[in-house]
Each structure stands twice: as structure tokens, then as C-alpha cells.
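Work through the exercises below with the sequence and the 3D view open. Try each task before reading its solution.

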Amino acid sequence: MPRDPTQAALPQPQLCRGRVRHARLRPRAHAFAYGMFYLRLPLRSLGAQDFPARLISRNGANVLSFRDSDHGDGKTPLLDWIDGLLRQHGVADAGGEIWLQTMPRMFGYVFNPVSFWFCHRPDGALRAVLCDVRNTFGERHLYLLEQGGAIAYGSELVAKKIFHVSPFCKVEGQYRFRFLRNSEQDGERHLARVDYDDLAGPLLQTSLSGTAQPLRDGVIAWALLRYPLMTLGVMVRIHWQALRLWLRRVPFFSKPHPPQEKVSR
């Protein structure tokens, strides 16, 4: 059947080529940046479909793969899970597209320090952002960012830190989030900035930026050639940077007991 020219095309899965940056301000200045790539998946439009590319599979083995069970509660369908969580926390008007931003498995392995769920209203306005944060101890915490109405891209969102991530930071203070999105000639560009303030003030400045392109085999092949062991490299770099901080005698804090609350706002 011919496509109705008046009907807007559904959003398509994307691969984003980008960079992650991290800067510690004190007691020793320390900064690094790495190239990387990640996925942005329109969950409502995608439904239960697989991807339109041969080099990546959904819930199957491949060079790149995305497993639904890596996200949400690991068993409930992703849309049912996120919609239920939003309703549970009083967000009843996020019926528009939900974009999940995360890294894929590469050769079966992945560690995602943070995944973002961008939840929109039917009119396209951003309504809430769910930040799924993981640490290297196998624990996770969900920070739900919402203001009771539409969120303007570029505005600052704040969440109290209650989850242990790095042994070089106390569990105190707050995170400051800022999300940007704009269109450029080579694709839509995204920026997620997360800064951390402890009780003494600004301590960490981090960001993840990338330019989105349709998830196609040519784009995937470029990413695989450019970053052949990216997901394994994430864990290696975490421990390498931790060793560098330890050698520089940055204060070390033992992991406290995990918080009882799994979702915070």
C-alpha cells in the first residue's frame, strides 16, 4: 500500500558517534576524554521489532546487540516498565516517544555507567528523564528528573546524590543535569552534561555528546572499525583512571551500604 504523504515518518533507531569527557576539579585536577558511540532507540515506534541492519540484533547474538533484559526490571516489556514507573511517580502525561540512550553489547559484553530514558509528551515536549546509573559492584539506582510539566532542553535539573559510584567521591551533595539537542548538517546532535557538587562545591564535570545517524550497516561498520573493543574498554578505563587517582593520593572512600530506595527524584 502506498505511504500516505501526509503521514509523518516514524522515528528510527540511531547510532551516535561521540565523546565522553570527565574533569575532576580537586583536590587534584584530573581530566580525560574518549571517543565512543552509543544507541538512541525510539521505544514506542520500534515496538517489538528488530533493527533494520545486519550487524546488530535485538535479543540475539551478533557483533552488536541490544537486550531488552539489560534494562528496566529485566523481565517486563520495556514500554510497560517505563510507563508503570512514571505513573507510580505521578507522571501520567508522558505518552509520546520514549528514547532510550545506551551503549549496545559488543561481542556479548557491555557495562553502561548510565543510560538515559527521554520521556516525551504526545505534543513532543520533553516531560521526564530517567537516569539509570550503574556501579562496578553490580548495583544500580534510578534518578527520575521531572518538574511537574514540560522540561525545556538546556534547563538545569537537580537530583540529590544517594548512590555510591566512585570510591573517590562521598555519597553527599547533588548532581546537576543539562540536556541539549539541535540539528546540524551531519545529523541531530545531543549533549548530556552531568556535574557533581559535594558539600564543598563543584567537584566533577562530565558530559556525553554525539551526532545521531540512522542505524545502518555502513554506520555500524565505521563504529566497529573505529572502536573495536569499546564496551570492554569502558571497564578497563574506569579502573585505569581509578588507579591514576589512587597514585596521586586522592582521598579514597569505602562503599557504604546500598540505599534502600531504588528510585529517587
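The model is predicted: local features need pLDDT of at least 70, side-chain atom pairs count only at pLDDT 80 or more, and totals for chains, interfaces and linings use all residues. Residues are numbered from 1 along each chain as its sequence is written, and side-chain values use heavy atoms, with hydrogens and water left out.

**Exercise 1.** Find which residues of helix α3 are buried, and state where they lie on the helix.

Solution. Step one: locate α3, residues 217–226; helices here are DSSP runs of H or I with at least four residues, strands are runs of E with at least two, and both are numbered from the N terminus. Step two: apply the cut-offs, where buried means under 20% relative accessible area, exposed over 50%, and partly exposed in between (1.4 Å probe, protein chains only). The buried residues are D217, V219, I220, A223 and L224. Step three: look down the axis of α3; these residues fall within an arc of 160°, so they line one face of the helix. The arc is taken from the directions from the helix axis to the C-beta atoms. The face turned away from the buried side carries the exposed residues G218 and L225.

**Exercise 2.** Describe the backbone at P27 and at F107.

Solution. Step one: recall that most residues other than glycine have a negative phi, and most peptide bonds are trans. Step two: the bond from R26 to P27 is cis, with omega near -10°, and P27 is in the loop between β1 (14–24) and β2 (30–42). Step three: F107 is not a glycine, yet has a positive phi of about 55°. F107 sits in the loop between β6 (105–106) and β7 (114–120) and is exposed, at 57% relative accessible area.
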